[in-house]
Amino acid sequence: MRSILRIAFEGAFTNFKRIFFAADRVTDMELRRQISTLSVEVDDRVDERACIGCAGCANVCPTGAIEMKKLASPEKLTDDWTKSEVPEINLEKCVVCYYCHDFCPIFSLYGQKGTVHPSCVGDQEVNIAECLEQPFKISDDKLKVIAQYLSDKTVLKNKEEGD
Amino acid sequence: MGIKSFSRARAIHVMLVYTGGCNGCDIEIVNSILSPRFDAEQYNVFLTWNPREADVLVVTGPVTHLNRKPLEAIYEAIPNPKLVVAAGSCALMGGVYKNCYGDIQSEEIEGPVENIIPVNAKIPGCAVRPQDVLAGVVSLLPTLLDAD
């Protein structure tokens, strides 16, 4: 009899918490608010502040979904490099292969979070001025591959034609 | 508000059609409608397998030869007003199946979905993210509710 009462009281207490304090709720309330006001925000795919504008992602994209758009005011990052354009992903062409994300030098060389991501770039603070000054080691053959992709837009296209 | 739109606003039925592809998008769409985190059922959006009952047709996958006729038949069977959502990069542009010389030849692929039936909304992603699915479905709701 006592155990039955205990079970009943525990159940009543759990339900009380659920009803009045929304305990163990897993619904995404932020999304619910956005939907009820018909203002669902699409996540950013490109972190324009952390980007250095090298156009490597646009060159490496196998479907040609990334285009570089010109910045209104070019930004001088170091003595010999000025950031004049940032990538823009055309999501209708993207196959989410993550080549752009993996190729981004901020990610692959400096180990920071990548500045371009096909689903959601996320919140991050990347100090590019600090990154660019920091020394890093890179093997010669990797450097060759990167230089080839960075300078030549037709690498992937030639590969296709060779098949 | 007529009785039709009154009742439709309280039960919007989504029909999910798979036309090839890898099933990743199907899992995410079912997840966004049934799982407690996203839970589209709280907005009176339900999943159905009956085209006569459906209002929104969600198509995933590149359309293969075998799936073209069934897809057209399903589209014809849905009563007006009907909306079509193409979900995932396969449905938008062929994805990893078209022009990639894999196991399924490009000649087998009839897609993207736009070539076969008119598409009202496109959801990008591989696989689609539940947030994007809900954004796409919600952006269509006013069109559906103002239909008559």
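Modeller: Happy to! Let me start with a definition: a residue is buried under 20% relative accessible area, exposed over 50%, and partly exposed in between, using a 1.4 Å probe and protein chains only. This is a predicted model, where local features need pLDDT of at least 70, side-chain atom pairs count only at pLDDT 80 or more, and totals for chains, interfaces and linings use all residues. Side-chain values use heavy atoms, with hydrogens and water left out; residues are numbered from 1 along each chain as its sequence is written.

At 58% relative accessibility, A:Asp24 is exposed. Its partner in a salt bridge is A:Arg18, at 3.1 Å from N to O; here a salt bridge means a side-chain nitrogen of Lys or Arg within 4 Å of a carboxyl oxygen of Asp or Glu. A:Arg18 is partly exposed at 43%.

Now to the network, in which salt bridges link A:Glu48, A:Lys69 and A:Glu88. A:Lys69 meets A:Glu48 at 3.3 Å, N to O. A:Lys69 sits in strand S1 (residues 66-78) and A:Glu48 in the loop between helix H2 (29-36) and helix H3 (56-60), so this pair ties together parts of chain A that are 21 residues apart in sequence. Helices (H or I, at least four residues) and strands (E, at least two) are DSSP runs, numbered from the N terminus.

A:Lys69 also forms a salt bridge with A:Glu88, at 3.9 Å from N to O. That pair links strand S2 (residues 81-89), which holds A:Glu88, to strand S1, which holds A:Lys69, 19 residues apart. The relative accessible area is 31% for A:Lys69, 35% for A:Glu48 and 42% for A:Glu88.

Definitions and conventions. Chains lettered and ligands numbered in written order.
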